[in-house]
Amino acid sequence: MAANLDKEAYYRRIKRLYGNWKKGEDEFGKADAIVVSVGVDEEIVYAKSTAIQTWLFGYEVTDTIMVFCETKILFLASKKKVDFLKQVAITKGNENANGVPPITLLTREKNESNKPNFDKMIEAIRGSREGKTVGVFSKDKFPGEYMKSWNDTLAAEGLAKVDISAVVAYTMAVKEDGELGLMKKAAAITSEVFSKFFKERVMEIVDADEKVRHSKLAESVEKAIEEKKYLGGVDPSTVEMCYPPIIQSGGNYSLKFSVVSDKNHMHFGAITCAMGIRYKSYCSNLVRTLMVDPPQEMQDNYNFLLQVEEELLKELKHGVKICDAYNTVLEYVKKEKMDLVAKLTKNLGFAMGIEFREGSLVLNVKNQYKLKKGMVMSVSLGLADLTNKDGKKEEQKKYALFVGDTVQINEGEAATVLTPVKKKIKNVGIFLKNDDEEDEEEDGDDAEELLGKGARSAALLADRTRNEMTAEEKRRAHQKELANSLNEEAKRRLTEQKGEQQIQKARKSNVSYKNVSQMPREKDIREMKIFIDKKYETVVMPIFGIATPFHIATIKNISMSVEGDYTYLRINFYVPGSSLGRQEGNIFPNPDATFVKEITYRASNLKAPGDTSVPSTNLQNAFRIIKEVQKRYKTREAEEKEKEGIVKQDSLVVNLNRSNPKLKDLYIRPNIAQKRMQGSLEAHTNGFRFTSVRGDKVDILYNNIKHAIFQPCDGEMIIVLHFHLKNAIMFGKRRHTDVQFYTEVGEITTDLGKHQHMHDRDDLYAEQMEREMRHKLKSAFKNFIEKVETLTREELEFEVPFRDLGFQGAPYRSTCLLQPTSSSLVNVTEWPPFVVTLDEVELVHFERVQFHLKNFDVVIVYKDYNKKVTMINAVPVNSLDPIKEWLNSCDIKYTEGVQSLNWTKIMKTIVDDPEGFFEQGGWSFLDPESEVFTAPGATIRSRACRRRLYLCCLSTRGAVAKKTPSPRWRTRRLTPLRTRRKLKRKTAMKTTAPRRRIPTTAHHWAARRRAARTGTSWRKRPGKPTRRVTTRMRTRPTRRERTPRQRCRRSRRRGGHKRPSRTEQPRPTPPSRAPTGSHDLRVDVEAATSRCHGDVPANFIFSSFLIRLHCVCVCVCVRLCAKCVFIAKVSVGS
């Protein structure tokens, strides 16, 4: 045979088998020899005889008899199989050093008797120990004459038989590292098939409301393992199902692995699925329950079942008796929910390996075996015959919950889950609609039978148009609730933080010398020259003949210039009132002291007779050295400033196990050095460690990660793992709160000069390779993430951005795709990254929301009012509704307006007087639909509120108020800065009255004909001569014959086709005189969804402001002052 046999594995395992046999525990002590006979039976999937062959040799050797005696081992097989077994056969004289008995190979004869070989084997059994009892696997019975003749021979000899299945299973239960690797791979494949195929398929069925039978769905799962995309790149020939997938729903449940999927249609309730995949003869198992619109009681029972599983995993440790673990879990269930004890499955799992189920190692109340490190168990817990009180149909009244995983037994800690499929309610629950819609659907079932499908649809449509709220109305109602709770929550939060006041840090006082003894005694100081003390970072300058020291920190800047024969050195100092830096402020320990602001020194460039050097050399050297010392000081100060807010982290606990989750060939951003370097990211016990090829190390602890984001390479050129940290870490001499690891999946730059053809084989091959590379990298990153989540027991969860909900925006200088995750809004593909935590957001305001603009801006206000607001510019207006819907689903209040506000002043006003801000209405000034502006006749509640609203909108960004030449009762117009010059150029045209156009009558046509004959002008008095046309009659060209310039010029000359100026537009009739003390204001009517209520005059009163409307529409833009614009909804009664 061409197959190779692992000799080392054989010797290790046969030694373990003989070691347990020699101990003589349990049934091993009764057996004088062990007999294993394997025949041919394709119907037998699992048998202890074939399992021990696979365990020893790695292959199943059929039609073979093995006899294990105390001093020798005999194999009887055909010639080809004997050749295969020769790889481990040794002579009697050359016994293995480990004490493994030698092997005797017997070749099976072609006839069926094989009596000589049987006699040799019986003789060996008689010579082993007492030679009376043989250990066999009593349940294994193979058909065929060969096996029958051997069994008859044993019976004729009168040898007693003892079943050693349990003790052999216990020996094989402890897995080696190689076996554990195969079982982990099998578990990973099972998880992939469940997540990528079965779960997605069930969601498609539920979404499309298909009718699929359980058996058909199980068959599709079996076919899925033939596709490589679900197998993680392994050979499909090495993968097979442990058992046919078991899918149950609709009230018919049997929480066992011996049942098969029935032919009933899948019911959209509790759907249990059990599947196991075998990889290279090693098994795995996975059980999950998917729930469609589960009621609250079902969710509570499911969460309790997960808690029971967690308790069981804590008890499964090395040295613990199986019955003790079972009893502990049972006591926990009795303590928490006594009524569910009877519903719990009797067995909580079993040991697993080459055989799917080890019958002697079942997790129940009777099993006395102890767990050992390296065992692999299939844990499966279920609650059966549960009642759904909300169920109305027969299949809805009963349900069951079933959860199971493949776990590995450890020493001193809880068992490790090898099937990392998420099982929380948010991961297995499929929520389609609310309870009201369900009731409507159930009430309409009978109507459908009576009226038919078309009548039912029409009835439902009519009912919805009458009774149901639209999505926009629901959103507004929810936003109104959020607005009420927003101010209360913010006021309560500020009250709690009232006692916490920030202490302003004083500027560090830098003293050059603490006493006179430290003053240097240099020659330059005695000669009244500028001296720089590098040790104390001090500049000693002569002032009025006295050497005066100045610390380098007091020097603001220094400059040197040469004018004629002199060199000038000018030194400027920091003084109160001057800018110290961007964030430092103007804080001095003693601001009332006398300060030197500027000193200028002059030195000659001419060398006097007898001098060794030019006098200006001292100034030049001082300028150079001061620059060096200043640079060194600022660098050190910057490093200290970077380290100021650094929180000391715990040390990384390095796990020396080679099986740690690891990703190689990654780049890190920001770079550790100037050039980017590759490295590897490895997960350890309490954090990650990135090690570059140069040896640099960056540690990130799990408890310091605020957001872990996985950005797939779908539609991107890189694939990214991004970590947004709670506290900044230091590397590369700078502090960072955002660290990401990425790798490129394609060519970011393309050679445009290269000739390309759409059918070029090289290009097609390159595209195919890139697609494979993307799939390979995506799989590798996903496997790494799943392993990390399993390692951290899902305390660290990676978020994947929802690309479908993404929108374009410019949080920094460039436009990028911003994508929401479950708890944040991010963009991690561009640098610098953009990460906003939704829990920290107070509200979101949309600016410049107008119908004629294509873009708007998003302002994010945080709960920490001292934090600067975040601006996202240039968001397309077609993304407005999706963003509103997303924010509404996240319970975040949003507002919108037409102006750009000065948020720096607004936030400063709020921070200075938060109580007054919330007493005057809080954030309601941003909402055009708040109670201040909703109903006609409503008044602004106080003068302070009006003043606050006015001040908030007064300082608008990029806009000035410009008065237009309009009637007295008009307000001033709000004009953007970019159009001021344009308006200035048009001022003359606006104020000059246009030339009156003379109406064309019969008299004028006669005058024109006469003028054409006589050559005179018809516009002037008849008879007044003009320039004569002597060559031909002067005729007027037709409109087609005129050039565009002539047409334009003629139109302007005659007053036709001219854009009407502002003064020519029909002016509304000025309203009647308003009451004393009021102001008449102009109202712009913007009919976004306009529906005119008729020419009914109406008065719209805001306190002392009077507005008169002649045609009231749904949306009215009310200008309260020169720079204050509000949107008000107006409804006019009859």
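Which residue, with a positive phi, follows H7? Asp209 follows H7, and its phi is near 55°. The legends below treat this residue and several other places in the chain.

The model is predicted, so local features need pLDDT of at least 70 and side-chain atom pairs count only at pLDDT 80 or more, while totals for chains, interfaces and linings use all residues. Residues are numbered from 1 along each chain as its sequence is written, and side-chain values use heavy atoms, with hydrogens and water left out.

**View 1. The whole chain.**
The chain has 24 helices and 45 strands. Helices (H or I, at least four residues) and strands (E, at least two) are DSSP runs, numbered from the N terminus. Of the 1134 residues of the chain, 44% count as buried; buried means under 20% relative accessible area, exposed over 50%, and partly exposed in between, with a 1.4 Å probe and protein chains only. The accessible surface comes to about 64300 Å², and 49% of this area belongs to carbon and sulfur atoms. Such areas come from the Shrake-Rupley method with a 1.4 Å probe, and for residues only the protein chains shown count as cover. Among contacts with a separation of 6 or more, 63% are between residues 24 or more positions apart; a contact means heavy atoms within 4.5 Å.

Helix H7 covers residues 177-208. Its 32 residues should span 46 Å at 1.5 Å a residue, and the end C-alpha atoms are 45 Å apart, which agrees. The expected span is 1.5 Å times one less than the number of residues. H7 has a kink of about 35°, centred on Phe194. The bend at a residue is the angle between axes fitted to the seven residues ending there and the seven starting there. Asp209, with its positive phi, comes after the helix.

**View 2. Two cis peptide bonds.**
Arg669 and Pro670 are joined by a cis peptide bond with omega of about 0°. Pro670 sits in the loop between strand S22 (662-669) and strand S23 (678-683). Another cis bond runs from Trp831 to Pro832, where omega is near 5°. The loop that holds Pro832 lies between strand S32 (824-827) and strand S33 (834-837).

Glu537 is a residue other than glycine with a positive phi, near 50°. The loop between strand S16 (531-533) and strand S17 (538-543) contains Glu537, which counts as buried at 10% relative accessibility. Arg848, also not a glycine, has phi near 60°. Arg848 is found in the loop between strand S34 (841-847) and strand S35 (855-862). With a relative accessible area of 25%, Arg848 is partly exposed.

**View 3. Arg493 in helix H14.**
Helix H14 (residues 471-496) includes Arg493. This arginine counts as buried, at 11% relative accessibility. Leaving aside residues up to four places away in sequence, Arg493 touches Glu842, Lys863 and Tyr865.

**View 4. Strand S31 and its two partners.**
In strand S31 (residues 816-820), 5 of the 5 residues are buried, so the strand is largely enclosed by the rest of the structure. Two strands pair if DSSP finds at least two bridges between them. S31 pairs with strand S30 (residues 807-809) in the antiparallel sense over 3 bridges, and Phe807 stands opposite Leu818. The hairpin of S30 and S31 has 6 residues between the strands. S31 also runs antiparallel to S32, joined by 2 bridges, with Gln819 opposite Val826. S31 and S32 form a hairpin with 3 residues between them.

**View 5. An open sheet of 8 strands.**
The strand order is S25-S24-S23-S22-S28-S27-S26-S29, and the pairing is mixed. Strand S25 (697-701) and strand S29 (798-799) are the edge strands, each pairing on one side only. Strand S26 (residues 705-711) runs parallel to S29, with 2 bridges between them. Ala708 has Phe798 in S29 as its bridge partner.

**View 6. Aromatic rings.**
The structure holds 36 aromatic pairs. The rings of Phe917 and Phe918 have centres 5.0 Å apart and planes at 75°, so this pair is edge-to-face. Rings of Phe, Tyr and Trp (its six-membered ring) pair if their centres lie within 6.5 Å; planes under 30 degrees apart count as stacked, over 60 as edge-to-face and the rest as tilted. Phe917 and Phe918 are both buried. One aromatic cluster is formed by Phe688, Phe690, Tyr702, Phe723, Phe741, Phe784 and Phe798.
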